[in-house]
Amino acid sequence: MFARRTLLAGLLLALVACKGNESPAPGPAAADTAPAAKKDESISLTGAGATFPYPLYSKWISEYNKQNPNVKINYQSIGSGGGIRQITANTVDFGATDAPMKEDEAKQAPGKLFHIPATIGAVVVAYNVPEVTGALRLAPEVLVGIYAGKIKRWNDPKIKADNADAKLPAKDIAVIYRTDGSGTTAVFTDYLGKVSPEWKEKVGVGKVVNWPTGLGAKGNEGVTGQVKTTPYTIGYIERAYASQNKLPMAELKNKAGKFVAPSIEAMSAAADAVEMPEELFVSLSDAEGEAVYPITSYSYLLVYENAKDPIKGEALAKYVWWGLHEGQKFSKDLDYAPIPAKVLAKVEARLKELRSGDKKLLSGA
Amino acid sequence: MSVSHDVSPLIRPRSWILTRFGREVNWGDFVFHRLTALLAALLIAALAAMAAAMVHGSAESLSKFGFGFITSRIWDPVRDVYGALPFIYGTIASSILALCFAVPISLGVAIFLSELAPAWLRGPVGFLVELLAAVPSVVYGLWGIFVLAPWLRETVEPLLARTLGFLPFFQGQQRGFGMLAGGIILAIMITPTISSVSREVLRAVPSALREGALGLGATPWEAVRVAVLPYARSGLVGATILGLGRALGETMAITMVIGNRSEMSASLFAPSYTMASVIANEFSEATGSLYLSALAEVGLLLFVVTVLLNIVARLLVWRVGRLPEGGRL
């Protein structure tokens, strides 16, 4: 009897010992010294982040995979905040975000992260007013007034002032906002904050804000659904959702005092109007210029300057390079604007700085 | 604690072992006992680990806001000010509203299927009810956006406002999206759970009771009311608790229709917000440690609310189980 119990105890001990001896997961040091893999071996890259450019990124990935069958890329559109958290925690090879990283976020990362502007998108103001047939024109103070709950009815004189010809009904405005944290909200509130100091002070700018009025819908599809099915609503969404669902988009008054529709040209005009600084991120909202659509934004990829794994790093650098060149031609069909040439030159220079240890990753590009 | 049997040494088989209390037990029983105890402990350990992780995750928010977190109504991520009262209210109110709709319907379905329906109908209808449980919640949500909310806005809410508008529950702007839509969606989602469990409970009632009541001249309705329901009472409450559990934790569908506004209003037309929804909506984009910590605390609160409601429900089952069985005609 005793022998049996000792046997059992011995087995248990052995089991524990086995667990203890398991080698720890290979750390960064191990990856540095890993032998270089063969060229034809398949490489898989993972990325996570913004939902805003997801349609474009997934197009890039499928096209790139057709040309380079050995490179498999997986992008999870979990949101910009999630993208920043995952790239900071090193669980993905690249991140993506609509709003640039804050300083304290950048400090948490184990290495230097580059912001790579990859595409340009616009947030449009969609509405559902059956009586209005032409495009609704909104001045910044009117848009702020509607979202602040101060302009409550569609036939308010302030809306009428810019839409003399439109038949505006005496109906309550139903305001719709994004309830889930999103880059779209960040871009939209960034604009509201720029045109109204009062908004900036009372409500603020961010991915989730405490909206003074309205109903919250989940995701671009949620806002689109509510605007589409509910008369007298107004909501802000990415341009692609409005154009694919044939929702009317308001013309917004830009800084130069012109009412501009959210066309690809007007988005490009905004990118042309703003000088790209050294850190490669900048806000495009409320830019100067007559042709500019005022709620425009870059979307960024986040890549470590020093890749731990030279093979993966090189594959990633080549993919990003491809996306910024060949990839740009898919922009227009998917409602994005391509990166302007003078910005592209700066991005190219930045991409050439990518390295793994002492080795530059794009030497042959 | 340990399983033990005092058995005469004369008939003791060779496979019995000595426990530390000097008794002897069957080796197989010993292993079986320890194994099942381990599995039970694993579940409790997982629960404890979850609670510990959430307390740990919400430490910053707990120390900063303290008790004020559950009494404050302001949730403002821009200013890093967090209060969860509207979410707690929204979660409890929408779940209770859902139970108000779902319990009568589910009981009706269960009674019909177990007592009244012809045998050929029971299988297909029971299957269809259970099929409702298999519909993904995002489908309910989309249906809510495109069908339920417009219908509520155009038909139901104006009707309620006209007829019962003097009550505070049916006042305010009629938007379709809001507490009423949330309650209805939840009710549809928990009906299959409650009705299929209730049906099993009713089936387990001995037919002697039914036959006895019928034999004494009761109508089928009287037999159900006097003999079947009282016997099944605690099981039916248990079924309701299962439904409540699902309603409290439901996230996707209710987020899509409840309006997601951290407000508290008596009106069923007004938008509201639930704890599960705010976590799902904001966690993926949350940056900043206090923000994440506040969301973790909302998770902790959801956990606490669920446990408390379950305790209340357990007490109810226990109380109901002690009521005298059988009713009056």
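Here are a few friendly notes on this predicted model.

1. A word on conventions: residues count from 1 along each chain as its sequence is written, and chains are lettered from A and ligands numbered from 1 in the order in which they are written. As the model is predicted, local features need pLDDT of at least 70 and side-chain atom pairs count only at pLDDT 80 or more, while totals for chains, interfaces and linings use all residues.

2. Chain A has an open, mixed sheet of 8 strands, ordered S2-S1-S3-S11-S4-S8-S6-S7 (strands are DSSP E runs of at least two residues, helices H or I runs of at least four, numbered from the N terminus; pairing takes at least two DSSP bridges). Strand S2 (71-76) and S7 of chain A are the edges, each with a single partner strand, so one side of each lacks a neighbour in the sheet.

3. Strand S1 (residues 43-49) of chain A runs parallel to S2(A), joined to that strand by 6 bridges. Ile43(A) has Val71(A) as its bridge partner in S2(A).

4. Where do the chains meet? The contact involves 29 residues from chain A and 27 residues from chain B (contact: C-beta atoms, placed from the backbone, within 7 Å). On chain A, helix H4 (80-88), strand S7 (215-217) and helix H10 (219-229) each supply at least two residues of the side touching chain B.

5. In chain B, helices H6 (residues 179-203) and H8 (residues 220-249) pack at about 150°, axes 8 Å apart (axes are lines fitted to C-alpha atoms over the stretch in contact; angles run from 0 to 180 degrees between N-to-C directions). That makes H6(B) roughly antiparallel to H8(B) (over 145 degrees).

Notes: Two residues are in contact if their C-beta atoms, placed from the backbone, lie within 7 Å. Angles under 35 degrees count as roughly parallel, over 145 as roughly antiparallel, 65 to 115 as roughly perpendicular and the rest as oblique.
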